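Please examine the following protein model with its sequence at hand.

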Amino acid sequence: MSNSIITVKNLSKRYNITHQRGGYVALRDVLTNIAKKPFSFLKHKAKAAIGMETKEEFWALKDVNFTVERGEAIGIIGANGAGKSTLLKILSKITPPTTGTIEYKGRMSSLLEVGTGFHPELTGRENIFLNGAILGMTKKEIAKKFNDIVKFAEIEKFIDTPVKRYSSGMYVRLAFAVAAHMEPDILVVDEVLAVGDAEFQKKCLGKMDEVTKTAGRTILFVSHNMAAIQNLCKRCILLEQGQVKMIGETKEVIGEYLKLSRNDLKEHGPYKTKNDNVIINYIKLKNTPNNPLKCNDPLQFDVLIDNKHPIANIQMGVQILNSQLSRIMTAKIDIPRIEAGKNKISIIVNNPHLPPGNYSVNFGIENLFYKTQIIYFEISTINVEDEFAASRQDILGVYPPTCYTLNDSDQ
């Protein structure tokens, strides 16, 4: 007898995208269109005939097939636009599929966006009972778990405050606490946990691990945090352009994802920081003659910061992770002062001695900004004489930058 709790067969989702030329629309055009409303069908046909309006089909998902076993935590990963969130919305019955079928057994709870299922005018207390009722629980069952939910969410002081006054972090804490404690057979979690702080994310991962191992419930977890995926999930699904690229053990799938996502020469940004006066315009690994890189090619990380006011005494750094997401190298820099304006800072690691493989980079500025897996790159070859690289996977080194450049107009 099959132990599968979710079976997805030939699942596809199509959207129709309309492209309309014409640019600026004047008031007279709007009034004309209103007058022509009874003939809207002929109007659109005419636009299509003269090329002013065209439509194309976009398949967010195409022929997706997989099964999930009862009590399994399975990760769903892929680049932005790969179809991860669309898949979860279809599984949660938020949007219907174009073709295909989904079979699942038991009760499902979803946490896809901040405040999903919450009524902003109701208090935290009222929303707990509302969400419980939506999940099919009795008032007595909800009351029994009420204190545990509030304690986990850490919002005791605000439980009788309307949730419209909650911060995004408070929203997430309460939403996750409700979803996890209502004992659904299947818990679907999107990247929403990224809104919470690091301590709460750790707490949530611990709770999800407990839910699968002790309670035997099933979790579908979408995240760009590969460390979280690896800690929670034994199996992963990799989506690429709406199709299943790979299903298998988490370690192998993450390795394939990092390989596909290798983005060593592409800049990233802009990013907001905790200080509204500071914006990171880009973070990139500077181009080198070798692509992919060789084991002892220098690594130069360029960061362009736009700050409205001078900043004093900041520390900036990068962490390099291997394909198993183990941190193997740290390069950091102490900057006494950054003047107002656009400033380019370079962090350079000479002779990193990295063995062949796929790598990702975490980047942070102390008390201002931190983001994981912000850059991907590949080391392709190793020099025969470079025996030191063979042990690099297990070594944590601190490599100070060789230079940094301020107020550099060369962007």
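Over the ring of which residue does the charged end of lysine 284 sit? The charged end of lysine 284 lies over tyrosine 282, 4.7 Å from the centre of the ring. A charge is taken to sit over a ring if NZ of Lys or CZ of Arg is within 6 Å of the ring centre and within 35 degrees of the ring normal. Lysine 62 is likewise placed over the face of tryptophan 59, at 3.8 Å from the ring centre.

The model is predicted, and local features need pLDDT of at least 70, side-chain atom pairs count only at pLDDT 80 or more, while totals for chains, interfaces and linings use all residues. Residues are numbered from 1 along each chain as its sequence is written, and side-chain values use heavy atoms, with hydrogens and water left out.

Rings may also meet one another. A pair of aromatic rings is described by the distance of the centres and the angle of the planes. Rings of Phe, Tyr and Trp (its six-membered ring) pair if their centres lie within 6.5 Å; planes under 30 degrees apart count as stacked, over 60 as edge-to-face and the rest as tilted. The whole structure contains eight aromatic pairs. One of them joins tyrosine 257 and tyrosine 376 edge-to-face, with 6.1 Å centre to centre and 75° between the planes. Tyrosine 257 belongs to helix α9 (residues 250-260) and tyrosine 376 to strand β18 (residues 369-381), so the pair ties together parts 119 residues apart in sequence. Helices (H or I, at least four residues) and strands (E, at least two) are DSSP runs, numbered from the N terminus. Elsewhere, ring pairs link Phe118, Tyr166 and Tyr171 into a cluster.

Side chains of opposite charge can pair when their charged atoms come close. A salt bridge is a side-chain nitrogen of Lys or Arg within 4 Å of a carboxyl oxygen of Asp or Glu, and the whole structure holds nine salt bridges. Among them, arginine 125 meets aspartate 160 at 2.7 Å, N to O. This pair links distant parts of the chain, 35 residues apart: arginine 125 in helix α4 (residues 124-134) and aspartate 160 in the loop between α5 (139-153) and α6 (168-181). Arginine 125 counts as partly exposed because its relative accessibility is 32%.

Key
Buried means under 20% relative accessible area, exposed over 50%, partly exposed in between (1.4 Å probe, protein chains only).
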